[in-house]
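Please read them with the structure open.

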Amino acid sequence: MTSSETFTSIIQDLSFESASDDIETVLGPGSFGKLPLRCRDGSFNNFALLLSDQCPWSFEILSGQYGTLHRCSGSILRQVEDVLRVMDSINPRLRVKGRTGFIRKFPRRALEEGVLNAAIHFDISRVTDITVQLFSDHLVVISPGGMIEPDDWKHDATTSPRNRMLAELYRDMGRVNLHFCGVRAIRDSYLRTGQIPLMRKTPEFFLVFCPSVAQDLRDHENLSRRVADILAVRPGATLA
């Protein structure tokens, strides 16, 4: 499948101040200049537009109670770090009855993987925001355009990112590895929490649902419900 990143950018007056700094800090001096940012005729492509300071696609953090909390801008690389920084302030470490030590209400690894997956899979032809929707007991990362593969989340598979150039850049930067580990990491970040993250795709969007783990596990009703949920999705599991 041809990636939309290879198409000619509708904006040609581009600058790359933040992206070049971010990339060369990780990959070394001169690495930004080696990226495939141009079409055969020398014009900038959409991959360049994604990395540019003029990037028209945005991450937006929404609250179910207060509406828009934060809207990111600039290079998609800087936006990913921006949304994670803002979410760290909204999702601080806290102490919860029934748990040892401090935990985040929403596992940081699940949130980070949800945001990175959204960046490499969203459909840039829609010019629609990627949203992180925050509620009291869950958050949802919604990426416009359904993820291409796989159909069965229970089996490991190599994903087919819609934004392949961006995905390969993130792979080189050590942020993703494109072998289904993002989905596994989201799932594994909830081990022993009694909560289960969900991932859903349609032709219109890909959704990562992250429930809050900041609950008192000693509450009998909550504990019973969580045990029932775990048994329901793990055939052959027992109470032991």
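1. Make-up. This is a predicted model. The protein has seven helices and eight strands. Of its 240 residues, 48% count as buried. Take the contacts with a separation of 6 or more: residues 24 or more positions apart account for 62% of them.

2. Confidence. The mean pLDDT is 85, and 81% of the residues score at least 70. Among the elements, helix α2 (residues 46-51) has the highest mean, 98. Helix α7 (residues 220-233) has the lowest, 62. Over residues 150-158 the pLDDT is below 50. That stretch still has 21 contacts in the model beyond near neighbours in sequence. Where pLDDT is low, the predicted coordinates should not be read in detail.

3. The core. The largest nonpolar core holds 57 residues. Those with the most contacts inside it are Leu 51, Phe 59, Leu 77, Val 132, Leu 139, Leu 166 and Tyr 170. Several of these names return below.

4. Leu 51. What does Leu 51 touch, leaving aside residues up to four places away in sequence? Its contacts include Phe 16, Ala 19, Ile 23, Phe 32, Leu 35 and Leu 37. They also include Ser 75, Ile 76 and Leu 77, along with Leu 166 and Leu 169.

5. Phe 59. This residue lies in strand β1 (residues 59-63). Is Phe 59 buried or exposed? Its relative accessible area is 0%, so Phe 59 counts as buried. Beyond four places in sequence, Phe 59 touches His 70, Arg 71 and Cys 72, among others. Its contacts also include Ile 76, Gln 79, Val 80 and Val 83. Val 115, Ala 118, Ala 119 and Ile 130 are touched as well. Phe 59 and Thr 131 are 72 residues apart in sequence, yet their C-alpha atoms are 5.7 Å apart.

6. Helices α3 and α5. Helix α3 (residues 76-90) packs with helix α5 (residues 164-172) at an angle of about 60°. Their axes are 12 Å apart. The crossing of α3 past α5 is right-handed. From α3 come Ile 76, Leu 77 and Val 80; from α5 come Leu 166, Leu 169 and Tyr 170. By class, this contact has six nonpolar residues, no polar and no charged ones. Leu 77, Leu 166 and Tyr 170 are also among the core residues with the most contacts.

7. Helix α1. In α1 (residues 17-27), Ser 18, Ala 19, Ser 20 and Ile 23 are buried. Their cover includes α2, α3 and α5. Ala 19 and Ile 23 are among the residues touched by Leu 51. Gly 28 follows α1 and has a positive phi, near 100°.

8. Val 127. Please look at the backbone here. Val 127 has a positive phi of about 45°, although it is not a glycine. Most residues other than glycine have a negative phi. Val 127 sits in the loop between α4 (108-121) and β5 (130-134). Its relative accessibility is 56%, so Val 127 counts as exposed.

9. Ile 196. This residue is in the loop between α6 (181-188) and β7 (198-201). Ile 196 counts as partly exposed because its relative accessibility is 23%, and the cut-off for buried is under 20%. Ile 196 and Val 213 are 17 residues apart along the chain, with C-alpha atoms separated by 9.5 Å.

Conventions: Residues numbered from 1 in each chain as written. Predicted model: local features only at pLDDT ≥ 70, side-chain atom pairs only at ≥ 80, totals over all residues. Heavy atoms only, no water. Axes fitted to C-alpha atoms, helices over the stretch in contact; angles between N-to-C directions. Helix = DSSP H or I, 4+ residues; strand = E, 2+ residues; numbered from the N terminus. Left-handed = near helix turned anticlockwise from the far one by under 90°. Contact = heavy atoms within 4.5 Å. Nonpolar A, V, L, I, M, F, W, Y, C, P; charged D, E, K, R; others polar. Core = buried A, V, L, I, M, F, W, Y, C linked by side-chain atoms within 4.5 Å. Buried < 20%, exposed > 50% of the residue type's maximum accessible area, 1.4 Å probe, protein only. pLDDT = per-residue confidence, 0-100.
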